[in-house]
Amino acid sequence: MSPSRPFILRPVATSLLMLAILLAGIIAYRVLPISALPQVDYPTIQVVTLYPGASPDVTTSSITAPLERQFGQMPGLKQMSSTSSAGASVITLQFDLNLSLDVAEQEVQAAINASGSFLPADLPTPPIYNKVNPADTPIMTLALTSTTLPLPKIEDLADTRFATKLSQLPGVGLVSISGGQRPAVRIQANPTTLAAYGLSLDDVRTAISNANTNQAKGSFDGPTRASTIDANDQLKTADDYRSMIVAYRNGSPVRLTDVADIVDGAENSKLAAWANEQPAVIVNIQRQPGANVIEVVDRIKQLLPQLQASLPAAIDVTMLTDRTITIRASVHDVQFELFLAVALVVLVIFLFLRSLSATVIPSVAVPLSLIGTFAVMYLAGFSINNLTLMALTIATGFVVDDAIVMIENIARYIEAGDKPLEAALKGAEQIGFTIISLTISLIAVLIPLLFMGDVVGRLFREFAITLAIAILISAVVSLTLTPMMSARFLRHTEKEQQSRFYRKSGEIYDRVIDRYGDMLNWVLDRQGATLIVAIITLILTIVLYIFIPKGFFPVQDTGAIQGITEAPETISFSAMSERQQALARIILQDPSVESLSSFIGVDGTNTTLNSGRMLINLKPLAKRSARAE
């Protein structure tokens, strides 16, 4: 029995089924997230340990080595790399893609706890770990600058007001601050004065700890009332520390201001960032996995005026990088190419079928197959990205084949004199198995992509499944809607009723077929030469495959360039700062550069004091002559 027969005889039910597929696809398209590439979560965790004053050798032996011994025992660990610099240790752990990031996080926490007894006892803070995704670059970079306020004050406002509000937006995953100098009170002891009073640095440290405790003071419990004793023992500003008594000598108090200079400064003075040439606090914003990157950026832009109003007037907020500019352009280009491909397919169908009613049938089948694919993409958790849109563009040529094969076979019976309904039943029964086998063979070609491992497999899985679903829906449409519409729209056209275009185009096609027959006879008469040409073509194909450049993805001009600067290991922080700013001034002189952000110092991204990072933002492609590559 033909699988198409029930659908041909029930046109209303078939139309409702196709309408349901169409509506499901349209609704899914509106809620699907948009991104540049499929979401691939690398199970990567970074562990940062700060040990101020330690040399790279001490950091390696006392911090990095004990941690690495514990991390090396974790199951599922695929790769471990570490960097030890002056006062900082950064260890990056990459786990197997099949391992959940939450499970990896628990293993890292357990390893840090187990290594606690092997780490230095005077670490200011225990090792800090955070989940990172190397593939998830910031979707937006903002700079906070001021000509009057100090950077520690700007960082405090950015951390407590700015970043907090941004983190609350739907779709925002992580808001990180680069180059931020957290406010702190810095005490610079004078060794000569301390020696004159008979004091040591340890005496100063003990006095500061004792005077800055925050612990229980006790309580009073009377017959009728109970009271808790409380006192503010926290010293928060430099003025509070200056009057603190360190010791007594000759009956007189020795205050901290007598033996040290106390200033309001930064917790880590070896961090710095610049927006162009101006010192700044850089705010990087990353999206949550699966969030629509364009919607997230639009929400951030809507919130920015309110955030600017909540900050002091002396602080300026500047948007340095917006990755959605290139993502919007890329997705828009692929969408336009997809619509253009559908239009060209319909036009070619009309030129060869030479009938408007016959052209309507594949013109409905092709968009319906593509739109229905969006519903399955939504259920599978996919996104609209360059790879899935490329799959739909490729599928445009595949999905029209089934419809044309079905229409041509039914039209053959109609031209032979059968009624449209009988021709549809006959033609669909004959060609049904052919369409099913053709669909299975096309999907079978995509099966190897589904079993590819590692990152490449994760990226191309969405491409393969999207293409396979489009082909499968096309087969369903060709076995149901196409024969049903053929039974209603196709009619036999008598020769005297044929239009002039129909006759003229038929004559052209007949001449083309005759010419093709002559050329085929000419080739068959020279089989040896034809075989030699085929062998030469095969050899040239192999040679070109060897010499053509290969890569993971084609190089794209995203309008941004990331750079890493590196200086000698012995360079000081101030000298590194001067070199970083000098390089920025040279880059900004390039007419193709619009702005840049740079930072130095050790944090989660930068691992050594003698290296720095730069993000160079180029002008729009229409306004510059040079390309990013």
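Student: Which residues of helix 12 meet helix 13?
Tutor: Ala-358, Ile-361, Pro-362, Ala-365, Val-366, Ser-369, Leu-370, Thr-373, Phe-374 and Met-377 do, and among their partners in helix 13 are Leu-392, Val-399 and Ile-407, where contact means heavy atoms within 4.5 Å. This is a predicted model, in which local features need pLDDT of at least 70, side-chain atom pairs count only at pLDDT 80 or more, and totals for chains, interfaces and linings use all residues. Residues are numbered from 1 along each chain as its sequence is written, and side-chain values use heavy atoms, with hydrogens and water left out.

Student: And how do helix 12 and helix 13 pack?
Tutor: Helix 12 (residues 356–379) and helix 13 (residues 386–415) have axes 9 Å apart and an angle of about 140° between them, with axes fitted to C-alpha atoms over the stretch in contact and angles running from 0 to 180 degrees between N-to-C directions. The two helices are therefore oblique to each other, the word left for angles that are not under 35 degrees (roughly parallel), over 145 (roughly antiparallel) or 65 to 115 (roughly perpendicular).

Student: New topic: how many aromatic pairs are there?
Tutor: The count comes to two aromatic pairs, taking rings of Phe, Tyr and Trp (its six-membered ring) with centres within 6.5 Å.

Student: Where do Phe-460 and Phe-463 lie?
Tutor: Both lie in helix 15 (residues 454–489), three residues apart, which is about one turn of the helix; helices here are DSSP runs of H or I with at least four residues, numbered from the N terminus.

Student: What separates the centres of domain 2 and domain 3?
Tutor: Taken over C-alpha atoms, the distance is 35 Å, with domain 2 covering 42–135 and domain 3 covering 184–213 + 234–266, bounds that come from an automatic or database domain assignment.

Technical notes. Phe/Tyr/Trp six-rings, centres within 6.5 Å; stacked < 30°, edge-to-face > 60°.
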